[in-house]
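Here are my notes from a pass through this one. Have the viewer open while you read.

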Amino acid sequence: MAASPSPAGGGGAGAAHGSGPSSFAFDSGLEIKTRSVEQTLLPLVSQITTLINHKDNTKKSDKTLQAIQRVGQAVNLAVGRFVKVGEAIANENWDLKEEINIACIEAKQAGETIAALTDVSSLNRPESDGQITIFTDKTGVIKAARLLLSSVTRVLLLADRVVIKQIIRSRNKVLATMERLEKVNSFQEFVQIFSQFGNEMVEFAHLTGDRQNDLKDEKKKAKMAAARSVLEKCTMMLLTASKTCLRHPNCESAHKNKEGVFDRMKVALDKVIEIVTECKPNGESDISSISVFTGIKEFKMNIETLRENLCFQSKETLSAMLEALLERMEDFTDCAYTSHEHRERILELSAQARMELQQLVSVWIQAQSRKTKSIAEELELTILKISHNLNELKKELHSTAAQLAADLLKYHADHVVLKALKLTGVEGNLEGLAEYACKLSEQKERLVETCRLLRHVSGTEPLEITCLHAEETFQVTGQQIISAAETLTLHPSSKIAKENLDVFCEAWESQISDMSTLLREINDVFEGRRGEKYGYLSLPKPMKNSANLRSLKADKPDSEEQAKIAKLGLRLGLLTSDANCEIEKWEDQENEMVLYGRNMSSMAYSLYLFTRGEGPLKTYQDLIHQLEVFAEEGLKLASSVQAFSKQLKDDDKLMLLLEINKFVPLCHQLQTIIKTPLQNQVFLKVDKCITKARSMMAVLVQLLSLCYKLLKKL
């Protein structure tokens, strides 16, 4: 399965490259071309509208006539390209061929009509008398433009149906192969079927990745990212869990472990279909309760409407809204892990909110009967007071959840319980298994509870969905780790059972890393600096290489380029999370190596956001500028690590210098790529730069980990 986006970002990128069927590659290209032609067509139609609205009595200079003709020709050419794409789609999809072809014929006719009516270059010549043009037949241009928009829209809608059908067909193939995998009894047969399953999952990843890029709704995008993340991680789990079952066919825990993976993948596959078809099975509704922050936002909006309309809301409605909101806050006050100080403060602010609402209602009643300036001012004051109280509540709730999450991530950074479970497994220690399984269950419950609180303070719907995904992942993966550990404990010499436990533990560690990124994004949203990270030690300096940069495109990537670089950035996003986890282990956060490492991680995160079309970097020039600073920061980190190595014994020093010798050449190579003349190959340069930055981040993670261990040893 191709890599999917990190769930903390709710949105972003497609699947990684892979070998799928040729028809898939063709259809994916069609979708990209259709979007490209659509983007060309619509601005031209807008220009036609401008031409239609021109004043008839304006002087028709040769320059004006040529401009009108150029627009008409450009529209006709764009329509021609669009029709070719539409006809290609029709030939691949016989059930929709007739509908698409009719729409294509209408579009072509409309384009030709517009070209004919805007053929006005010879209008100032005597022989042009009696020629029908835009100046003599405005109605004809209007009808042609409407027909064009209507037919283009129909083709796009039909093409969208084709894409949805492709995804459904691909999902059905995956499900059918999964059913065969569930029933397989021989290892040889399993390997053969799993190979087919892998190819089908690659195809499904491509289709769903492209679909995710096309989704305009950020909430749906986040749901798709979460479902694809489950499928990507579960593919490896399915492999090892199935192999363990085949090796130990009479082991109950192995079967339980495998069934858990299959069940989760089926749910994720259904979720993808639900998103693309916008249909919930059996008319189900979204049962997740509204978050506290969303409740506060809605309550404040209702209160503020009283400024404009005193009769807009009833007093009973506002009271019920506040009580429902305070009831949801019980998730914080009832949580066993909330500190006494936070709990008391939340209860105090909740009681104050009730009192201030009573005061507001009292003034509100007076304002309805007495329309005086003093009453209006008093009403405004009470609205401001309750709004301030709600803001204080938001701060307290955010502080509570963020502190709990940060403490938990720091406490479990070393994954002591997972290491202990692996050890008890290979020792066949059943008593030890029971002890550490209990500890992992406690850890799981605490993580689930913390994710629930983070969802309340996440601030955006995509982040709420990412919190729900994290909560579900910890819940399911925790149980699966215990069943995998039980299998290994019962078969301590089994290499495949050990490999299986390792895979589930890696999934847990990966979700811990994702949770760290999620917490950072929630904090960014709360503080109003989403997309901005830690301030850099080395702020971007004037370009040394400005001559080369002047030839660089200053505009944003187009849709096709964005889809490609999105796939490049996935691994970079994960490595950023890994680096942050390593950084958070250090007790001395002001250590020079930590500061440089954090700067690099922050810049890499900005690069990752750029690959998703988000964040502070907007153009290719911004990106190259950032990469130059990134390379310089890497060399400074290397100097700092080299200075630290002088404090070490010979063996440790040699080990660290070997890592530095991997890192420094990568920094120099990135600088060389940045300085290399472009020769109109902008995307190739960006591709190489991001790939090199990824390699640097991979070594950085190893370097920070080694420095931390050596520093503790020292």
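The points below cover ground rules, aromatic pairs and charges over rings.

1. Ground rules. This is a predicted model, where local features need pLDDT of at least 70, side-chain atom pairs count only at pLDDT 80 or more, and totals for chains, interfaces and linings use all residues. Numbering runs from 1 along each chain as its sequence is written, and side-chain values use heavy atoms, with hydrogens and water left out.

2. Aromatic pairs. Rings of Phe, Tyr and Trp (its six-membered ring) pair if their centres lie within 6.5 Å; planes under 30 degrees apart are stacked, over 60 edge-to-face, and the rest tilted. By that rule there are six aromatic pairs. Tyr605 and Tyr608 make a tilted pair, because their ring centres are 6.0 Å apart and their planes stand at 50°. Ring pairs also join Phe190, Phe194 and Phe197 into a cluster.

3. Where the tyrosines sit. Tyr605 and Tyr608 are both in helix H19 (residues 592-611), three residues apart, or about one turn of the helix. Helices here are DSSP runs (H or I, at least four residues), numbered from the N terminus. Both Tyr605 and Tyr608 are buried, meaning under 20% relative accessible area with a 1.4 Å probe, protein chains only.

4. Charges over rings. The test is NZ of Lys or CZ of Arg within 6 Å of the ring centre and within 35 degrees of the ring normal. Tyr605 turns up again here: the charged end of Arg520 sits over its ring, 4.3 Å from the centre. Lys394 lies over the face of Phe293, at 4.9 Å from the ring centre.

Conventions. Helix = DSSP H or I, 4+ residues; strand = E, 2+ residues; numbered from the N terminus. Buried < 20%, exposed > 50% of the residue type's maximum accessible area, 1.4 Å probe, protein only.
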